[in-house]
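Please keep the sequence and the 3D view open while going through the points.

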Amino acid sequence: LIGRLMFELPEEMGLIAITVRQTQGKGRGGNVWLSPVGCALSTLHITIPLHSNLGQRIPFIQHLVSLAVVESVRSIPGYEDIDLRVKWPNDIYYSDLMKLGGVLVNSTLIETTFHILIGLGFNVNNSNPTICINDLITKFNKEEGKKLKALTADCLIARTVTVLERLIDIFQEKGPNGVLPHYYKYWVHSGKQVHLHNEEGPIAWIVGIDDYGFLQVHEEGKGVESVHPDGNSFDMLRNLIVPK
């Protein structure tokens, strides 16, 4: 539906599709994304000029969207310590323990404009198949003696789009350095070790992401290198980077 409409509407008009349930959810690399009732599910269309800071670094969009989801919760007064985080390149996590959301971005370049379709799915009020944001709020209330209210999918989709708009504006004005300090505040990888090639392979440390959104690792004696998704497979749960 969005794919048909996005070229017919004026550029200044925003476009989003929201559903309570989806039956054919897709994840990264052709994976299936399960979407029971209680998920926040949406597809957002945005346009980005090719000759702009973000247009020259299009892979960053998935990082900005993941950050926007986390910020949609953690920027609410009282909810700052709900342990929602980003996992490179496109996942939303509870701490570094469990996935509760993901982002899928497709881009089409028409002349000098990128048309971006952002698929969003994150668990708000469904404890299965993994964990959800309201579970984290319940856990936080119990541990900290607080009375934070449960959140709704509608609220968090709206807040995510609002935060994303602000992050895009900051990126367009200041480039990666305008958003990376905030991204690192919430990501799960700071100081983490990974093995290269196999589980007995050389050890490297994750140091950040580069100006184009690719992961940077530091292997002892070899300095800092960027590792690209088209040349490597990333199994962050096993802390493993394997060349394809």
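**Notes on the predicted model**

1. Strand β10 (residues 223-227) pairs with β9 in the antiparallel sense, over 5 bridges, and within this pairing Leu 215 has Val 227 in β10 as its bridge partner. The hairpin of β9 and β10 has 3 residues between the strands, and Gly 221 in this hairpin takes a positive phi near 85°. Please bear in mind throughout that this is a predicted model.

2. Which residues of β9 form its covered face, and which its uncovered one? In strand β9 (residues 215-219), Leu 215, Val 217 and Glu 219 make up the covered face, whereas Gln 216 and His 218 make up the uncovered one. In a regular strand, side chains alternate between the two faces of the sheet.

3. Elsewhere in the chain, 6 strands form an open sheet with antiparallel pairing, in the order β1-β2-β6-β5-β4-β3. Because β1 (15-19) and β3 (84-87) stand at the edges with a single partner strand each, one side of each is left without a neighbour in the sheet. From one strand to the next, the twist averages 20°. The partner of β1 is strand β2 (residues 39-49), with 5 bridges between them in the antiparallel sense, and Ile 16 has Leu 44 in β2 as its bridge partner.

4. Helix α2 (residues 60-74) lies across β2, β3, β4 (91-94), β5 (98-110) and β6 (113-123), and the helix runs at about 175° to β3.

5. Leaving aside residues up to four places away in sequence, Thr 160 touches Ala 68, Val 69, Ser 72, Leu 120 and Phe 122. A polar atom of the Thr 160 side chain lies 2.7 Å from the backbone oxygen of Leu 156.

6. For the chain as a whole, there are 5 helices and 12 strands, and buried residues make up 45% of the 244 residues. The chain exposes about 12700 Å², of which carbon and sulfur atoms supply 51%.

Notes
Residues are numbered from 1 along each chain as its sequence is written. This is a predicted model: local features need pLDDT of at least 70, side-chain atom pairs count only at pLDDT 80 or more; totals for chains, interfaces and linings use all residues. Side-chain values use heavy atoms; hydrogens and water are left out. Two strands pair if DSSP finds at least two bridges between them. Helices (H or I, at least four residues) and strands (E, at least two) are DSSP runs, numbered from the N terminus. Axes are lines fitted to C-alpha atoms, for helices over the stretch in contact, and angles run from 0 to 180 degrees between N-to-C directions. Contact means heavy atoms within 4.5 Å. A polar contact is a pair of N or O atoms within 3.5 Å; within protein, one must be able to donate a hydrogen and the other to accept it, and residues adjacent in sequence count only if both atoms are side-chain atoms. Buried means under 20% relative accessible area, exposed over 50%, partly exposed in between (1.4 Å probe, protein chains only). Accessible areas come from the Shrake-Rupley method with a 1.4 Å probe; for residues, only the protein chains shown count as cover.
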